[in-house]
Amino acid sequence: MQWMASAMHAARSQLETATHNLANVSSDGYRRAASSVALTDRGLVASEHGTFEQGAIRHTGRELDFAILGEGQFRVGKDMTRNGAFVTDRNGFVTDDRGRKLIGATGPIQLTAGTTVAADGAVLREGCIVNRIALPSGTKLQSGALEASNVNAVGETLEILTAQRAFETAQKVLVAIDDTRQKAVNDVVRLK
Amino acid sequence: MNRAMFAAASGMAAQQTNLEVIADNLANADVAGFKGAVASFADVNAGGSLGLGTTPTGRHAIFAQGKLMKSGGPFDIAIDGAGFFSVEKGGKTAYTRAGAFSRAADGSLQNADGWKLSGIAIPVDALGATVEKDGRVFIDTATKTHLAAGRIELASFPAPEHLRSLGGTLFAATRDSGSSQRFAPGGDGHPTIEFGMLEKSNVSIVESMMQILTAQRAYEANAKGVQAADEMLRIANNLHRS
């Protein structure tokens with residue numbers, strides 16, 4: 001009986017992961033969480049882990065939009081993100097939508113007059129590299145484009161259906177076990 | 001289940017916002033000087049991997065250059081490059097890329113809503129006027145030709161993406177956008193003023209239609225998530241039978 005309850009819990013976690021992914025189908029740079037269910041001595045346990053599939057590259061033409069091709073993340077303030085939609089603030093600092101400053105190899109990236117960000121992430125002032133968007137080696141940067149969320153709506157809908165059916169099955173089994181016990185209890189009483 | 005339901009509902013709300021922005025872009029696709037906007041979203045995480053859906057993180061205009069087209073208006077001007085016309089009405093200043101102006105009785109250049117182009121006044125006896133690429137305005141009168149009548153200056157901002165939209169093609173400065181810097185057009189690599197032209201909106205209808213389809217499907221998928229969560233609650237309720 002506990003096992004079936006654990007199966008229902010696992011199905012619920014699966015559903016939560018899938019709906020969270022679906023909700024973020026339009027969040028640029030978002031990477032879907034994958035849920036997997038494993039059989040342990042405590043019954044079925046669902047766990048969540050990140051995925052690293054590249055999201056689709058969407059051309060925007062904006063100068064401060066960057067898509068990461070490969071591994072790595074942008075450092076914004078204290079956080080990391082794959083969302084490369086940046087703007088400048090009134091002091092010329094490059095920030096993301098939430099106002100967190102983009103941190104380069106030598107500190108926050110600031111664009112003053114005559115400073116530009118090259119397509120490879122180098123920050124140039126009068127031809128000299130003064131800062132750089134820090135990324136692991138081998139990772140390429142594409143400017144004028146954004147990495148779309150790597151959530152696939154079809155796959156997540158399938159996950160939802162799977163979770164729903166698993167939940168239903170577990171419930172049916174639970175009810176069946178309950179029926180059996182009920183019968184056992186009633187019959188034993190009658191035998192006496 | 002509730003977490004799943006609210007996550008899916010947040011997704012539906014996000015697509016609704018997305019659709020509103022796209023619809024606004026489409027509605028203004030034929031408005032000269034209009035700048036399309038985008039809404040952006042990010043995931044909500046309660047620490048660790050506890051996913052709570054999505055939230056809108058902002059909406060900002062895309063200031064990409066629109067195509068310039070020849071127009072028939074007597075005072076149509078367009079900016080080729082970055083920058084804004086600064087316009088005034090009732091003591092307020094706003095900024096716009098829409099350059100369809102006409103001459104008012106007091107000599108000022110106004111757009112259809114009565115916003116006056118800052119710093120320019122056309123003398124009443126002027127028969128015709130032209131604007132050079134560097135913004136200088138020249139007029140012809142009955143007796144003289146090529147008389148200088150001021151210069152159109154443009155405004156730029158340290159952070160134009162933080163300008164506040166006043167609806168239509170008008171924008172207002174905010175604390176985050178920084179204050180406007182006035183500059184003269186023309187010169188090396190600077191934006192120029194094109195006389196007798198208007199800047200079309202930078203909204204691509206094809207792209208917007210595609211965005212609508214995507215948003216609609218995403219909305220549907222999220223609605224399925226809400227349904228599934230609801231269905232599972234129903235199943236759970238059926239556990240206890242009398």
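## Exercises on salt bridges and a buried asparagine

The structure holds 20 salt bridges over all chains; a salt bridge is a side-chain nitrogen of Lys or Arg within 4 Å of a carboxyl oxygen of Asp or Glu. Side chains of opposite charge can pair when their charged atoms come close. This is a predicted model, where local features need pLDDT of at least 70 and side-chain atom pairs count only at pLDDT 80 or more, while totals for chains, interfaces and linings use all residues. Residues are numbered from 1 along each chain, chains are lettered from A in the order in which they are written, and side-chain values use heavy atoms, without hydrogens and water.

**Exercise 1.** Find the parts of chain A that are tied together by Arg31(A) and Glu147(A).

*Solution.* 
- Step 1: Start with the pair itself, a salt bridge with N to O at 3.7 Å.
- Step 2: Arg31(A) lies in the loop between α1 (2-23) and β1 (33-40), and Glu147(A) in strand β15 (residues 145-147), so the bridge ties together parts 116 residues apart in sequence. Helices (H or I, at least four residues) and strands (E, at least two) are DSSP runs, numbered from the N terminus.
- Step 3: Check burial. Buried means under 20% relative accessible area, exposed over 50%, and partly exposed in between (1.4 Å probe, protein chains only). Arg31(A) is buried at 16%, and Glu147(A) is buried at 1%.

**Exercise 2.** Decide whether Glu194(B) is buried or exposed, and describe its salt bridge with Lys133(B).

*Solution.* 
- Step 1: The closest N and O atoms of this pair are 2.9 Å apart.
- Step 2: Glu194(B) sits in strand β17 (residues 192-195) and Lys133(B) in the loop between β10 (128-131) and β11 (136-140), 61 residues apart.
- Step 3: With 13% relative accessibility, Glu194(B) is buried, whereas Lys133(B) is partly exposed at 48%.

**Exercise 3.** Locate Asn222(B) and list what it touches.

*Solution.* 
- Step 1: Look in helix α2 (residues 205-237) of chain B, where Asn222(B) is found.
- Step 2: Its relative accessibility is 0%, so Asn222(B) counts as buried.
- Step 3: Leaving out residues up to four places away in sequence, Asn222(B) touches Thr19(A), Leu22(A), Ala23(A), Ala8(B), Gly11(B), Met12(B) and Gln15(B); contact means heavy atoms within 4.5 Å.
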